[in-house]
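Colleague: Hi! I'm new to this one, could you walk me through it?
Modeller: Happy to, let's bring it up.

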Amino acid sequence: MQRRSFIAPWLKNYKKEYLSGDISAGLTVGIMLIPQGMAYASLAGLPPVYGLYAAMIPQFTYSLLGTSRQVAVGPVAIDSMLIAAAVSSLAAVGTDQYISAVILLTLMIGVIQLFFGVIKFGFLVNFLSKPVISGFTSAAAFVIGIDQLNNFFGISVDHKSSTLITLFSTLKQFDQFNWYAVFIGISGILLIRITKKFGKGIPGSLVAVIVGLVIMYSFNLEINVLGKIPSGFPEFSIPNITYNMVLKLLPSAFAIALIAYMESISVSKALQQRHKGEYEIDNNKEFIALGIGDIIGSFFGSFHGTGGFSRSAVNDQAGAKTNLASIISGVLLLVTLLFLTPFFESLPKAIIASIILVAVYGLIDTSYPKFLWKTKREDFYMLLFTFLITLLWGIQEGILSGMLLSLLLLVKRTATPHIAILGRLKGTEDYRNIQRFKDAEVREDVIVIRQDAQLYFANSSHFYDKIRCEIDQKKGNLKLLVLHFGSVSNIDTTALSSLEDLIYDLKQEGIRTYFSEVIGPVRDFFNRVGLTQRLGKDHFFLDVQSAIDYYDKKGNQLEIRRNFERAIQSNEFKERNI
């Protein structure tokens, strides 16, 4: 098998015909990232230039290490808001201490992602269930939108711990609204929406930025603008690492690392489906690529970034065939940093707010909650719980409580798995759940039970109690228990102990225990611990019917012999003069 290149795997088979699409997509996304980067830096509580750093550096690193050929990496709305929520409680927004903490957080996120990728922990995102992500994302969209209203209305608002209090404080200042800012903000929203209707490849946010700058250069309006933006390539600087700050930021770093990976891998998989057969996505390499991007970026003033939905879609639609498009986007951002930043100093903050408001509007999902309400109420309540916690208490609290709830529900579901009593379908040798097949035949002397999950410490007691309950209902007529283990993928030592106790207890009551359809890994485990040898291979069968047939042929004969032996030992024959 040919070994794949870890560095720039797309470069080896690059074709000349890819170049035009890559150039077109690279320029389009690069232009799109200029206003987007500055907007998301503002959202993260940072000066606009840090958004340009965050939009540029990950483009280069991901193009060399990433396995998706269309994903465009950079700052995103949700993660920027998470960063602000994590750091604002530790330092005043805009201060050197705040910026230093954000850069440190970026480094920590990168290290966590790199570590997870190296140890092949890409599966960890499975613990972030879709209802939690949907509830969190929709609520975060409201939090982000409300947080930007002060820029949209041109006022100063003290952002409170509660989103609803912040909203109330904003609306209370209605008489102080700067209507020039409101007009420019509304114009920005309309321009972005209108350009999207004409063509998805048109960078509507850039159109809004240009119009906003034209208005400011044409009219002397008293509204808030970005102000001085440093130019030039970011200087190399080692993040300020302190033990206390690392401890305080660690929970947020873990949460953001997983959420960011979830965002990026989701869009990667979606785009790969459109280019099926052209390349493969490697989950662990994606972790590594994103992690190294954050690590290197943190040494050059970049804050955390990941694969974004909107710009990756634009990248694909604009014709990107390989990661060369990301390199071109990065070069365009470098040119902007070197020569063009003075042009953006008069950009109204209302335009930045309009870009963010349009972006977060697309994050609000109403169809999925409706679907869950109709199909899976438990998942709907989990979504609603995450939504309310995020909206009322904060973004960090929302995602962390949502993840905790997901884990608790996972434990609950695996601790009380589905256990079915099986009966024989008439005229066949197939056994099915008697709750679903009412005409399934059930014998008085035989019970067939199927465990529909792995058997481990959390559900072993439930398994034992359920079987005891079913056996007790047989009222002494039972002679054989057949355990259908076709759905049992794993057994741990705690469950093994419960299983052996069950077998022993039933044996004392004259009930034999047979196993059917035990899969390979579990069969190997039984061999290693000696259960197969202690019970005998004649207790294990390929299917339920074989177990019952063996019982009918051999088991009854054995029962007759045992009754005969018991009768001799009890002197019953002597008393009967036999």
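Modeller: One term before we start: two strands pair if DSSP finds at least two bridges between them. Also keep in mind that this is a predicted model.

Colleague: Good to know. Which residue stands opposite Leu-422 in strand 5?
Modeller: That's Val-448. Strand 3 (residues 419–424) and strand 5 are joined by four bridges and run antiparallel.

Colleague: And what is the bridge partner of Val-448 in strand 6?
Modeller: Val-482 is its partner there. Strands 5 and 6 run parallel, with five bridges between them.

Colleague: Is strand 5 mostly covered or mostly open?
Modeller: Mostly covered: six of the six residues in strand 5 (residues 446–451) are buried. Val-446, Val-448 and Arg-450 point one way, while Ile-447, Ile-449 and Gln-451 point the other way.

Colleague: How do strands 6 and 7 run?
Modeller: They run parallel, and five bridges join strand 6 (residues 480–484) to strand 7 (residues 512–516). Leu-481, for one, stands opposite Thr-513 in strand 7.

Colleague: Changing topic: which residues touch the most other members of the largest nonpolar core?
Modeller: Met-38, Leu-46, Val-87, Leu-105 and Phe-303, out of 100 residues in that core. Helix 10 (residues 243–274) gives the largest share of this core, twelve residues. Another core, of 29 residues, lies apart from it and includes Leu-496 and Val-518.

Colleague: Tell me about Val-87. Where does it lie?
Modeller: Val-87 is in helix 3 (residues 77–87). It counts as buried because its relative accessibility is 0%.

Colleague: What does Val-87 touch, leaving out residues up to four places away in sequence?
Modeller: Tyr-98, Ala-101, Val-102, Leu-105 and Leu-249.

Colleague: Does Phe-339 count as buried or exposed?
Modeller: Phe-339, which sits in helix 13, counts as exposed because its relative accessibility is 57%, and the cut-off for exposed is over 50%.

Methods
Residues numbered from 1 in each chain as written. Predicted model: local features only at pLDDT ≥ 70, side-chain atom pairs only at ≥ 80, totals over all residues. Heavy atoms only, no water. Helix = DSSP H or I, 4+ residues; strand = E, 2+ residues; numbered from the N terminus. Buried < 20%, exposed > 50% of the residue type's maximum accessible area, 1.4 Å probe, protein only. Contact = heavy atoms within 4.5 Å. Core = buried A, V, L, I, M, F, W, Y, C linked by side-chain atoms within 4.5 Å.
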